[in-house]
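Trainee: I would like to go through this model with you, term by term.
Mentor: Go ahead.

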Amino acid sequence: MKIGIPHSLLYFYYYPLWKTYFETLGFEIITTPPTSKEIVDKGVKNSVPELCVPIKVYIGHVLKLVESEVDFIFVPRFVSIQKGQYFCPKFMGLPEMIRHSFKGIEEKMLMPSIEANDENIATMMNFKIFEEKFGISTKENKLALEKAKRVWISFRAYCREGYSASEASDLAMGKAVEKQLTIESSNNLTIGLVGYVYNIYDPYISLDIFKRLREMGVNVKTFEMLSEAEMNKQLKKLSKNLFWTFSDKLLAAGYSFYENQEIDGLIHVTAFGCGPDSMLGKLLEIDSATYNKPFMTVRVDEHSGENHLQTRIEAFVDMLKRKKMRQKRGA
Ligand code: SF4
């Protein structure tokens with residue numbers, strides 16, 4: 001039996017867990033290819049204009065799976081992965097949005113509700129629905145979840161070592177990562193890249209900003225490279241948090257990067273139509289002066305151009321280099 005997983009949204013955070021879980025139970029996993037113009041166009045054409053870019057892209061991936069030979073499409077409803085914090089409403093309503101928009105899709109959809117007290121979502125409560133659906137025993141389910149959890153923990157450990165989420169995902173699933181993609185910095189410059197995994201690691205949405213920065217010899221830090229303890233420490237200092245799980249992670253990462261002397265500047269990657277980012281980006285921008293650290297916003301949409309982005313990040317990196325040289329000279 002084939003289960004389709006859209007190569008979008010939290011694929012970039014939970015794919016090692018999902019793939020291990022379903023394959024251990026004997027299912028074949030089919031994923032969509034990386035986001036392309038065709039997928040974006042499909043998503044845009046079939047979405048209401050008010051939706052943010054990542055959700056439109058996700059819809060494009062789901063429709064791509066509808067055209068393929070899969071038996072089921074995995075569209076989890078993310079509610080919470082941290083006590084007292086919730087996902088952005090667009091995540092919570094995603095399965096409903098899809099099943100009510102496309103006739104005949106509902107019977108193909110697998111829609112577990114993900115509710116957990118921490119990031120490790122491999123708990124029985126979230127995956128129980130598959131026992132009845134596929135006639136698997138609780139014991140088989142438990143064993144598959146334990147294996148999936150081990151792989152996901154290893155994914156998170158690689159992230160904290162400084163690998164990008166894409167590299168960490170490959171490493172956790174036993175694939176080799178090429179040497180040039182590892183964590184070296186040739187010009188001693190480090191940038192904190194603040195953005196959701198589904199923006200940063202989708203090369204079409206972010207125009208591969210992570211790779212571009214590394215190709216310029218810049219060391220890149222992202223939120224998933226930080227420890228939970230560091231993020232919680234930052235969140236505790238705020239008089240009020242943002243309430244949405246991943247937005248809070250980014251906010252915590254932003255302040256952690258501001259306080260970290262090794263980080264020379266911050267780039268916030270945000271997608272057009274994101275409500276939470278309008279708060280998050282503003283807060284970080286306002287505080288950049290307090291920490292005396294350069295901050296730049298890169299807003300991407302369905303029509304973003306490569307040349308424009310390249311020019312902006314080159315200018316930002318040059319400015320950081322000059323600032324660093326001036327500081328070295330004591331000016
Ligand atoms: S957090 Fe922003 S980008 Fe992510 S789903 Fe919500 S509105 Fe869209």
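Trainee: What makes the open sheet, and in which order do the strands run?
Mentor: In this predicted model, 4 parallel strands form the open sheet, in the order β2-β1-β3-β5. Helices (H or I, at least four residues) and strands (E, at least two) are DSSP runs, numbered from the N terminus. Residues are numbered from 1 along each chain as its sequence is written. As the model is predicted, local features need pLDDT of at least 70 and side-chain atom pairs pLDDT 80 or more, while totals for chains, interfaces and linings use all residues.

Trainee: How do you know that β1 and β2 pair?
Mentor: Pairing requires at least two DSSP bridges between two strands. β1 (residues 2-5) and β2 (residues 28-31) have 4, in the parallel sense. One of them joins Ile 5 to Thr 31.

Trainee: What about β1 and β3?
Mentor: β1 and β3 (residues 72-74) share 2 parallel bridges, so the pair meets the definition of at least two. Gly 4 stands opposite Ile 73 there.

Trainee: Why is β1, α1, β2 called right-handed?
Mentor: With the strands pointing away from the viewer, the path from the first strand over the helix to the second runs clockwise in a right-handed crossover. The unit of β1, α1 (residues 11-24) and β2 is right-handed, so its path runs clockwise in that view.
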